[in-house]
Amino acid sequence: NMQNIKVFFIPIETKVRDYESRLLISLKILSLGKAKQIKIFFGERRKLLNLLDFEYKKEIKHFVYLALGVDQQVLFYHNLIKKNGIFTSLDEESAIFSSNIKKAYNRHIFNKACLNYIYKIFVWGKFDNDSILNNNKLSKEHLKISGNPRFDLSKKKFDFFYEKKFKQKTLNKKIFINCAFGLINNYVDQKVDTKVWSIKVKNYPSYKNLWKSLEEYESTLFPKFIEGITYLIKSLPNENFVIRPHPIENEKIYINLFKDFPNVIIDKQSSIQSEFLNSKLIIHNGCTTAVEGTFHDLNVICFNPFFQSENVQTLTYEVSNLIQDKIILLNYVKKILIHEMPPDNLNEIKSKYIKPIIDNIDYCSFNIIAEELFKINQSSTLEFYKNRISQVKIFEKINILEIKIRYKILKLFSDLIIKFFYKKYLNQINNREKSKSNLEINEISNDVNILKNYLNIQDKIYINEIKDGCFELSLDKIS
């Protein structure tokens with residue numbers, strides 16, 4: 001009887017970024033319950049809620065949905081509640097932005113009409129918490145400062161997980177170079193992408209306001225960055241290097257640039273945390289890897305020969321040694337390698353720069369989130385939101401009807417525009433999505449077996465692939 005079972009839907013968007021951390025939350029939830037009392041539906045964001053239209057249409061009486069960010073469309077919440085869902089969110093792209101992006105687009109200004117349907121937002125730190133409260137009429141019990149489990153997994157205490165997961169990977173340590181040129185080297189043409197979004201979403205910022213400055217900056221920085229990295233690789237022929245493009249980048253350009261270097265691997269498939277085990281140090285041009293690397297107590301260098309603070313994610317250079325010259329870069333890297341130098345002022349960096357933005361420097365985020373989700377009384381909470389949508393005023397009903405009609409028309413319109421003018425765009429989107437998720441049952445089973453001992457789960461965990469990229473996790477007693 002599904003009425004007495006706690007059900008959770010946990011979507012994944014980008015495998016290398018949020019799969020492992022959301023699996024950890026899911027397993028912690030299972031550890032808090034008893035056999036046959038919890039079901040977790042886990043999988044690709046674009047497919048997961050569709051299970052409620054087909055496979056599980058009448059079966060699921062209530063569930064908690066852990067979104068990847070706050071949705072700005074009131075229609076989404078109405079549909080979720082009608083499908084028996086309770087909205088909670090853990091943003092996977094929070095807090096770490098450049099000042100230019102913050103000016104162009106504030107992620108913390110939510111659509112007023114949506115606030116009535118948000119049960120809980122898990123925020124990374126005090127900065128997000130205060131920003132959301134200042135920008136929205138949302139009472140503070142709807143927010144919970146929790147950090148993000150991605151940063152739990154970046155700590156050395158989780159090395160055991162990656163050692164077991166990648167048995168072959170702990171042989172020789174490498175210099176880890178992380179690239180972030182997601183605008184100029186994206187799978188998807190960003191100009192077209194922005195146009196399509198501006199058709200679908202009211203008041204969406206223009207390309208000029210949102211991306212123009214960043215495009216000019218990345219276009220100038222990229223050749224200079226590559227020149228400096230190539231100089232470093234040529235100068236250290238006995239060192240091994242891993243170059244990791246950002247998840248939304250097309251890796252082909254790096255494969256071509258470094259194909260003649262036997263000591264260079266281009267790797268986009270592994271999560272960042274698994275690379276830390278084998279890293280002597282990290283070099284980046286302004287990427288959140290800097291923060292994750294600091295959680296792992298690694299030396300982090302921001303190599304940026306065309307530095308513009310307004311276009312670099314602020315926290316990423318605050319936690320790093322900023323170097324702008326390739327000769328200084330080489331000398332500093334040699335110094336770290338020869339003296340096996342630990343990073344400077346780690347505790348000060350963590351408490352002064354990281355703690356206000358990412359709270360979980362001294363505790364595990366996944367525990368906080370799982371316990372909070374598990375506590376939700378699903379039937380009474382859902383009843384509360386069902387009542388709320390049944391009492392919607394006539395003007396909101398008209399507004400929702402208008403949104404539905406507008407959405408259908410605009411979707412049709414944008415589909416036609418794409419079909420006739422931007423045929424390439426659809427292929428680009430599909431290629432990007434394929435590269436982002438591709439979850440497989442064997443990997444999930446393997447990861448579950450490693451983590452269940454850590455979480456002290458005695459019962460058997462069943463993993464059932466419902467459809468491509470969507471899985472059900474449940475507990476059963478070992479007979």
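## Helix packing, salt bridges and a surface patch

Helix α3 (residues 74-82) packs against helix α17 (residues 378-390) at an angle of about 125°, and their axes are 10 Å apart. Welcome to this predicted model, in which local features need pLDDT of at least 70, side-chain atom pairs count only at pLDDT 80 or more, and totals for chains, interfaces and linings use all residues. Residues are numbered from 1 along each chain as its sequence is written, and side-chain values use heavy atoms, with hydrogens and water left out. Helices (H or I, at least four residues) and strands (E, at least two) are DSSP runs, numbered from the N terminus.

**The α3 and α17 pair**

- The axes here are lines fitted to C-alpha atoms, for helices over the stretch in contact, and angles run from 0 to 180 degrees between N-to-C directions.
- α3 and α17 are therefore oblique to each other; angles under 35 degrees count as roughly parallel, over 145 as roughly antiparallel, 65 to 115 as roughly perpendicular and the rest as oblique.
- Within α3, the buried residues include Val74, Leu75, Tyr77, His78, Leu80 and Ile81; buried means under 20% relative accessible area, exposed over 50%, and partly exposed in between (1.4 Å probe, protein chains only).
- After α3 comes Asn84, with a positive phi near 80°.

**Salt bridges**

- Side chains of opposite charge can pair when their charged atoms come close.
- A salt bridge is counted when a side-chain nitrogen of Lys or Arg is within 4 Å of a carboxyl oxygen of Asp or Glu, and by this rule there are 28 salt bridges.
- Lys15 pairs with Glu443, with 2.5 Å between the closest N and O atoms.
- Lys15 is buried at a relative accessible area of 15%, whereas Glu443 is partly exposed at 22%.
- Lys350 forms a salt bridge with Asp297, and their closest N and O atoms are 2.8 Å apart.
- Distant parts of the chain are linked by this pair: Lys350 is in helix α15 (residues 346-354) and Asp297 is in the loop between α12 (289-295) and β11 (300-303), 53 residues apart.
- Lys350 is buried, with a relative accessible area of 17%, and Asp297 is partly exposed, with 31%.
- Glu215 and Lys212 form a salt bridge with the closest N and O atoms 3.8 Å apart.
- Both Glu215 and Lys212 sit in helix α9 (residues 207-235), 3 residues or about one turn of the helix apart.
- A network of salt bridges links Glu13, Arg17, Asp18, Arg45 and Glu93.

**Surface patch**

- On the surface, Leu412, Leu416, Phe420 and Phe421 make up a nonpolar patch with about 490 Å² of accessible area together.
- Patches are made of residues with over 30% relative accessible area and no salt bridge, joining like charges within 9 Å and nonpolar side chains (Val, Leu, Ile, Met, Phe, Trp, Tyr) within 5 Å.
- Accessible areas come from the Shrake-Rupley method with a 1.4 Å probe, and for residues only the protein chains shown count as cover.
- Leu416 is part of helix α18 (residues 394-421) and is partly exposed, at a relative accessible area of 42%.

**A buried strand residue**

- Ile243 lies in strand β8 (residues 241-244) and is buried, with a relative accessible area of 1%.
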